[in-house]
Amino acid sequence: MHPAPSVIIFSVLTGLGFGLLAMLGFGLAPATGWAAVVTYGAGYALATAGLMASTFHLGNPQRALRAFTQWRTSWLSREAWASVAAMMLMAPVAASAVFAGRLMPVLGALAAVLCLVTVVTTSMIYTQLKTVPRWNHWTTPALFLGHAIAGGALLAGLGNAPVLLLLLGLFLALTFRTGDGRFADRGHTLATATGLGGGSVRSFAPPHTGSNYLMREMIFVVGRKHAVKLRTLSILLVSVLPALVLLVLPAGLIATLLAAVLHLIGAFIGRWLFFAEAEHVVGLYYGLR
Amino acid sequence: MTSLPPPSDKKLGLVIDLDICVGCHACVTACKGWNDQGYGAPLSDQDAWGANPSGTFLNRVHSYEITPEGGVPQLVHFPKSCLHCEDAPCVTVCPTGASYKRAEDGIVLVNESACIGCGLCAWACPYGARELDQAAGVMKKCTLCVDRIYNENLPEVDRTPACVRTCPTGARHFGDLGDPDSAVSKLVAERGGMELMPEQGTKPVNRYLPPRAKDRLEETAPLAPLLDIQATGFAGWLDRLLDRI
Ligand code: SF4
Ligand code: SF4
Ligand code: SF4
C-alpha cells in the first residue's frame, strides 16, 4: 500500500493524542491549572492535528461531514463519531482541571475509554480489509492500542512508561515478523485471482503501458528494499531509546521531550512500514505484490 | 445506505468468455467512450499526450500466459471490471453512503455527489475494480451501463452494456445470473463459469468462462522420417569421425 504522508500523520498523531488524553482521563497523571493546560492542550493538539491531516487524503474534503452517516456498517464512520465523542466528553474534564483545579474521575474515565475506543476504530479501518492480509488480523488493533498506551504514558510522564515502551517494541517486532507470511498463508495467488489454475499462469502483459491509480495506491514495491534496516530503526527509536532516556536522565521536562521526539520519529518510521510492507491482493493481477 | 440489501432475485452481471477474447481492448475503449459522457463525472486522463500518461478506466484487459499441465503455453486475455459482488466489501466500508448496491437488480453504484473520495472502497475491493478519478476526486466504477440497459430512448439492440455491444468476438455476455434459465446462467453451467478469488468471500455475480482445452498434436509428425537423413560417403566418414572426438 502506498504510504501516503496524510494517513501516516493521521494515524500516528491521533493515536498519540488520544493515548495521552486517555492517561489524563483515567487520572494517572493528575494535573491542574497551568500544568493541565499543557497536558490536555498537548493531547487535544495532537489528536486535532491528526484528524486534520486525514482530510488531506480526501478527494472532496468539503463533504467530510457525510462521513458521519454510515456508522452502522463503516469503521471509518464509527471512527469519526468516536473521535468527536471522545473530544467532547473530555472537554468538561479538561476545563474542570484547568479552571476549577478539580479532577472528574468518573467522567474522565468514561472519556478515557472513548479515547481508546477511537484508537481501536482507527485500527479497524485497516484491520477489516481482507484484501490486505498483513493488516487483517487482531494484532493490528492490539498494535495501535499499544502505541496509544505506551506513547500516552510517555507523554503523561508516567513512571511505568519505560516498561510499556519496551513491551510496545517487543510487540512491534512480533507484528513485523508474523505479518510476513500471512499473504501466502491466506492462499491468494494469481491462479485463484484469475481462475486459471491447473498448470502455471504468469502475467504476460499489463492492461496499459503507463501506471494507474490502482498501481500507485495499492502496489508499492519501492522502498521495501530497506525494510529490515527500517524495522530495526523503528523499534530502537519507538521503544528502546526513549525507554533508556527515561531511565537514565533525571525525570523532568527535558527527558520527557527528548524521549517523546525519539518515540515520534520511531512511530512514523514504523507506520511508514505498516503501509509500505502491506501487500494488496490486487497486485496479483499485475504480477506484482 | 451502505448496508447491503437482502440478496435480490435479479442479479445482473457479465459473463466473460476467456476462450474467445482476443485482447483487442475494444470493450475498454467503448466503456471509456460511453462513460465519459453519461453517468457522473467524466473519466479523466492525466498527461494524456505526455511522457507518463495515465487515466481512469472502468474496464481493463490483462494478458496472462498459462501453461496447462503437459500442454504448450497459451495466451489468455482477461478483461476485468466490477463483478457486482453479492457481499460487496466496497459498499459496507463506505463512510458516506455513496457506495451502494441496488436492491432491485444487484448493480453496485457510487452516488458521486455524496462521495468524499476517501478511497477506502477501492482498498476493500480485491479485484481492482474501482478507481478514484484524479480530476473529480470521486470514485468511479463500472455501472453495468445502468444508463443503457434500461434506457428506452435507445433502440432495443443497444440496451446492453457498451462493452458487450461492441465486443467484435462476442466474448462478453450480459444477463440475469439470478435466473437459472437465462442464457448467461446456462452458459455458466455448460462451460463451468468461475468466480474470481472465491476465498475472499465476496460472492461475485460476474463469471468467467475458462479457456477450452486445446487439441494436442500427435507425438510423431508426418515428415519426421524425412528429417532423419543418414550421411554417406565422405560426409558419412566425417560425421562418424566428428562423433568420436
Ligand atoms: S468487484 Fe469490487 S467494486 Fe465491484 S462489487 Fe465487487 S468488491 Fe465492489
Ligand atoms: S471513496 Fe467515496 S464511495 Fe468510496 S468509500 Fe470513500 S466516500 Fe464511499
Ligand atoms: S458494463 Fe458498462 S461500465 Fe461496465 S465495463 Fe462494460 S461498458 Fe464499462
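The following dialogue discusses how to read the chain contact, the ligand surroundings and the annotated spans of a predicted model.

Trainee: What area is buried between the two chains?

Mentor: The size of an interface is often given as the accessible area lost when the parts come together. Here, the area buried between chain A and chain B is about 4600 Å². Carbon and sulfur atoms give 58% of that area. On the side of chain A, the residues that lose the most area to chain B are A:Leu196, A:Tyr213 and A:Tyr285, together 15% of what that side buries.

Trainee: Let us turn to the ligands. Which residues are closest to ligand 1?

Mentor: Of the 14 residues that surround ligand 1, the closest are B:Cys82, B:Leu83, B:Cys85, B:Cys90 and B:Cys125. By class, this shell holds 11 nonpolar residues, one polar residue and two charged residues.

Trainee: What classes of residue make up the shell around ligand 2?

Mentor: The shell of ligand 2 has eight nonpolar residues, four polar residues and no charged residues. Among its members are B:Cys94, B:Cys115, B:Cys118, B:Cys121 and B:Met139.

Trainee: Where does ligand 3 lie?

Mentor: Ligand 3 takes up the space of the second largest cavity. Helix H1 (26–35) and helix H5 (162–166) of chain B are the elements that each give two or more residues to its shell. The residues around ligand 3 include B:Cys31, B:Asn35, B:Ala162 and B:Cys163. Seven residues of this shell are nonpolar, four are polar and none is charged.

Trainee: Which parts of chain A carry the annotation "transmembrane region"?

Mentor: An unreviewed UniProt entry assigns that annotation to several spans of chain A, including residues 7–28 and 138–155. In the model, residues 7–28 of chain A are 86% helix and 0% strand, with end C-alpha atoms 29 Å apart. Residues 138–155 of chain A are 94% helix and 0% strand, and their end C-alpha atoms lie 26 Å apart.

Terms used. Residues numbered from 1 in each chain as written. Chains lettered and ligands numbered in written order. Predicted model: local features only at pLDDT ≥ 70, side-chain atom pairs only at ≥ 80, totals over all residues. Heavy atoms only, no water. Near = heavy atom within 4 Å. 1 Å grid on protein atoms, 1.4 Å probe; cavity = no way out; pocket = protein on both sides within 12 Å on 5 of 7 lines; lining within 4 Å. Sits in = over half its atoms within 2 Å of the grid points. Helix = DSSP H or I, 4+ residues; strand = E, 2+ residues; numbered from the N terminus. Nonpolar A, V, L, I, M, F, W, Y, C, P; charged D, E, K, R; others polar. UniProt positions renumbered as here; feature names shortened; annotations may be inferred. Buried area = accessible area lost by both parts, 1.4 Å probe.
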